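Please keep the sequence and the model in view while reading.

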Amino acid sequence: MMNRQRGSILPLTLIILAILSILAINMNVKSRHAISDVQDQKQQFSDLLAIKNAINKSLFIIAVGKQSENAYSYKGQTVYVDGQPQTIDGVPITIQDTAGILSLALSSQQEIYNVLRSYVPGDIANNITKDIIAWRTPNNLTSTPFSGDDDNYLPRHSYMRSIDELLDIPGIAQGQFYNSKNGKIGLSDDFLAGGAGWINYATMPPRLLKAIYNISDSDIDQLSNLKKSNDWPAFNQRLLDLGLYNEMNNQKSGRFVIIAKGNTYKAKGIFHVIYGGLPPIKTQLWQYPHVSRY
């Protein structure tokens with residue numbers, strides 16, 4: 001009898017040890033996942049802190065710095081507001097004056113078409129443009145999209161509340177047309193739902209100057225070189241030679257789209273800098289993380 005009991009204890013002990021080993025392995029895996037989650041959260045917080053510091057520093061320079069047509073400078077540091085890539089305290093960042101990109105509410109049908117044509121063939125761009133115009137036009141009875149058949153297409157016939165509403169229009173409900181992917185430019189970089197009521201050629205990105213006004217590459221290069229050398233009289237004269245009259249004299253809007261890139265996520269914000277008013281800076285949009293919708 002004693003030998004039988006001893007013989008049954010050994011297998012039971014082995015089973016218990018196996019169960020304990022499995023529990024220990026599971027606990028170890030969970031602990032590693034928890035540590036990894038904490039490390040990810042720490043990295044995200046560090047990225048967010050760096051992004052906010054870079055944005056706040058940029059806005060401070062814009063608020064108090066010396067102005068030029070496409071930049072602001074303060075104590076030896078310059079921030080550009082024409083959408084060109086730059087680095088602020090180690091954070092890659094772009095700052096775009098809203099007068100340098102197009103308003104979906106105010107831009108002409110031809111301007112919208114010209115931009116869309118740089119993304120899709122002319123016939124598709126024409127149909128999408130018609131949909132955008134119909135969408136923003138009050139009392140318009142159009143309910144069937146020009147750019148395709150979609151039973152869920154319900155235009156509000158009012159101004160777009162957000163650039164995201166472009167995704168509700170058939171033909172551009174695709175990520176590569178809405179937002180940047182793999183560093184490429186998307187429609188969300190070219191348009192705003194609101195925006196300024198005038199065009200600032202000094203802060204308009206070269207791609208838009210070329211797309212909207214059919215300016216040649218050589219003329220784009222010449223304008224870019226004049227901007228780099230801060231030869232603004234020659235820049236304005238060249239615009240006149242190209243048939244572009246700047247009635248606002250390179251006036252910036254005071255509203256800026258800022259995109260900052262951390263190691264984990266991007267952030268996007270629209271900020272209004274009020275000179276001589278309180279509060280001096282208003283946040284009109286804040287998206288973190290700023291991710292594309294696909």
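The protein chain exposes about 16,700 Å², of which carbon and sulfur atoms supply 54%, the areas being calculated by the Shrake-Rupley method with a 1.4 Å probe. This is a predicted model, in which local features need pLDDT of at least 70 and side-chain atom pairs count only at pLDDT 80 or more, while totals for chains, interfaces and linings use all residues. Residues are numbered from 1 along each chain as its sequence is written, and side-chain values use heavy atoms, with hydrogens and water left out.

Along its principal axes, the C-alpha trace spans about 110 × 55 × 40 Å. The radius of gyration of the protein chain, taken over C-alpha atoms, is 27 Å, whereas a compact globule of 294 residues would have a value near 19 Å by the rule of 2.2 Å times the number of residues to the power 0.38. Buried residues, those under 20% relative accessible area, make up 38% of the 294 residues.

The secondary structure comes to seven helices and ten strands, read as DSSP runs of H or I over at least four residues and of E over at least two. An open sheet joins five strands in the order β4-β5-β8-β9-β10 with antiparallel pairing, where pairing requires at least two DSSP bridges between two strands. Because β4 (86-88) and β10 (281-287) stand at the edges with a single partner strand each, one side of each is left without a neighbour in the sheet. Within this sheet, β8 (residues 255-261) and β9 (residues 266-273) pair in the antiparallel sense over seven bridges, and Ile-258 has Gly-269 in β9 as its bridge partner.

Terms used. Buried < 20%, exposed > 50% of the residue type's maximum accessible area, 1.4 Å probe, protein only.
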